[in-house]
Structure formats: C-alpha cells, structure tokens
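Let's take a walk through this protein together, from its surface to its core and on to a few residues worth a stop. Keep the viewer open as you read.

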Amino acid sequence: MNDTEEAQARKMWVIITYATRVEDLLRKNGAKGAGFKELVESLSDVLESGIKRNIGRMAHLRNMVVHEGHVCSEREMAGYEAQFKSVTQALIAMLDARQQNAELVENLKVSMKAKSGLKRLLIGSLIGGLVIAGVLIRVTQ
C-alpha cells in the first residue's frame with residue numbers, strides 16, 4: 001500500500017467511523033430506521049434543517065467513498081469533519097436536553113409528593129390543634 005492508498009484508507013475509516021457515531025446519536029435521540037435517511041426522517045420534526053442538510057451531505061460522501069470508490073480530497077475531508085462536529089454537537093445537546101427534562105419531571109414528581117406529604121402533616125396538625133382546643137374549651141367550662 002502506497003502513501004495515497006494509506007491516506008485514502010484512513011479517510012474511509014474516518015468517514016465510516018463518524019457516520020456510525022452519528023447514526024448511534026440519532027438512535028439515542030429516538031430515531032428509528034436503517035441508515036441515515038430513515039433515521040433523519042423519523043426525527044424530521046425535531047431536527048433543524050441545517051443539521052438535516054449536514055447529515056445528508058455526510059451520507060452522500062460516505063456512499064460515494066464506500067460504494068463508488070470515490071477518492072476523497074482534503075477539502076472534502078475537512079468539510080466532512082466540520083459537518084460531523086456540527087451534527088454531533090447538536091445531537092448531543094438534544095440528548096442532554098432530554099435527560100435534563102426527564103430529571104426535571106422526576107424532581108417535580110418528588111417535590112409534589114413532598115408537598116402533598118407536608119400538606120397532610122399541616123392539615124393533621126390543624127385538626128389535632130382544633131381537637132385539643134375543643135377539649136380545653138370543654139374542660140374550662
């Protein structure tokens with residue numbers, strides 16, 4: 001393998017690895033399907049158009065390199081890596097937001113349970129106080 005073949009093999013490995021990572025992140029965000037197109041379509045209502053466009057470009061270059069034997073230029077590789085960064089940042093942010101929302105909902109449930117328990121305690125104390133006041137009033141009469 002000469003330098004050019006090694007460089008192309010390395011680029012192909014990077015392209016496939018990055019594509020796999022994006023597919024994994026899409027699935028972690030709830031996407032369903034086999035491949036970029038189906039995964040993106042299943043999340044089309046929550047993905048920004050720029051992210052969808054970048055994923056489409058990534059898929060196009062990956063398909064050309066893997067299926068058509070396209071020789072990837074340094075410029076194409078730089079663009080692919082920039083698209084990968086943009087897409088992964090957005091997908092990770094979406095994932096983090098989902099996890100944060102789940103934690104907020106859980107905290108709200110715990111908080112509501114605590115408040116309802118406190119409410120019961122206060123009402124019980126109020127009733128108890130009224131009973132004691134009633135007893136004291138009868139005793140003093």
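## Surface and burial

The protein exposes about 10000 Å², and carbon and sulfur atoms supply 59% of that area. Of its 141 residues, 23% are buried. These values, like everything below, are computed from a predicted model.

## Confidence in the model

Among the elements, H3 has the highest mean pLDDT, at 94, while H4 has the lowest, at 69. Where pLDDT is low, the predicted coordinates should not be read in detail. Please keep that in mind when you look along H4, whose mean is that lowest value of 69.

## Overall fold

The protein has 4 helices and 0 strands, so a reading along the sequence gives the pattern α-α-α-α. The helices are H1 (3-28), H2 (36-42) and H4 (74-140), together with H3, which covers residues 49-68. Among contacts between residues at least 6 apart in sequence, 60% join residues at least 24 apart.

## A closer look at H3

After H3 comes Gly-69, with a positive phi near 70°.

Which residues of H3 are buried? They are Ile-51, Asn-54, Ile-55, Met-58, Ala-59, Leu-61, Met-64 and Val-65. An α-helix has 3.6 residues a turn, so residues three or four places apart point the same way.

In soluble globular proteins, nonpolar side chains tend to be buried together. Here the largest nonpolar core holds 25 residues, and Val-22, Leu-26 and Ile-55 touch the most other members. H1, H2, H3 and H4 each supply at least two residues of this core. Which helix gives the most to this core? That is H3, with 7 residues.

Beyond its neighbours within four places in sequence, Ile-55 is in contact with Val-22, Leu-26, Phe-36, Val-40 and Val-87. Two of those partners, Val-22 and Leu-26, are the residues named with Ile-55 as touching the most other core members.

Side chains of opposite charge can pair when their charged atoms come close. The count for this model is 1 salt bridge. The side chains of Glu-74 and Lys-11 form it, with an N to O distance of 2.8 Å. Glu-74 lies in H4 and Lys-11 in H1, so the pair ties together parts that are 63 residues apart in sequence.

Are the two partners buried or exposed? Glu-74 is exposed, because its relative accessible area of 57% is over the 50% cut-off. Lys-11 is buried, because its value of 7% is under 20%. Leaving aside neighbours within four places in sequence, Lys-11 is in contact with Cys-72, Ser-73, Glu-74 and Met-77. Glu-74 can also be placed relative to Ala-7: their C-alpha atoms are separated by 10.0 Å, and the two residues are 67 apart along the chain.

Gln-8 is another residue of H1. At 19% relative accessibility, Gln-8 counts as buried, since the limit is 20%. Which residues does Gln-8 touch, not counting those up to four places away in sequence? They are His-70, Val-71 and Cys-72. Cys-72 is also among the contacts of Lys-11.

Ser-42 takes us to H2. With a relative accessible area of 32%, Ser-42 is partly exposed. Not counting residues up to four places away in sequence, Ser-42 touches Ala-31 and Lys-32. Ser-42 and Lys-32 are 10 residues apart along the chain, and their C-alpha atoms are separated by 5.9 Å.

Note on methods: Residues numbered from 1 in each chain as written. Predicted model: local features only at pLDDT ≥ 70, side-chain atom pairs only at ≥ 80, totals over all residues. Heavy atoms only, no water. Expected span 1.5 Å × (residues − 1). Buried < 20%, exposed > 50% of the residue type's maximum accessible area, 1.4 Å probe, protein only. Core = buried A, V, L, I, M, F, W, Y, C linked by side-chain atoms within 4.5 Å. Contact = heavy atoms within 4.5 Å. Salt bridge = Lys/Arg side-chain N within 4 Å of Asp/Glu carboxyl O. pLDDT = per-residue confidence, 0-100. Areas by Shrake-Rupley, 256 points an atom, 1.4 Å probe, with all protein chains shown as cover.
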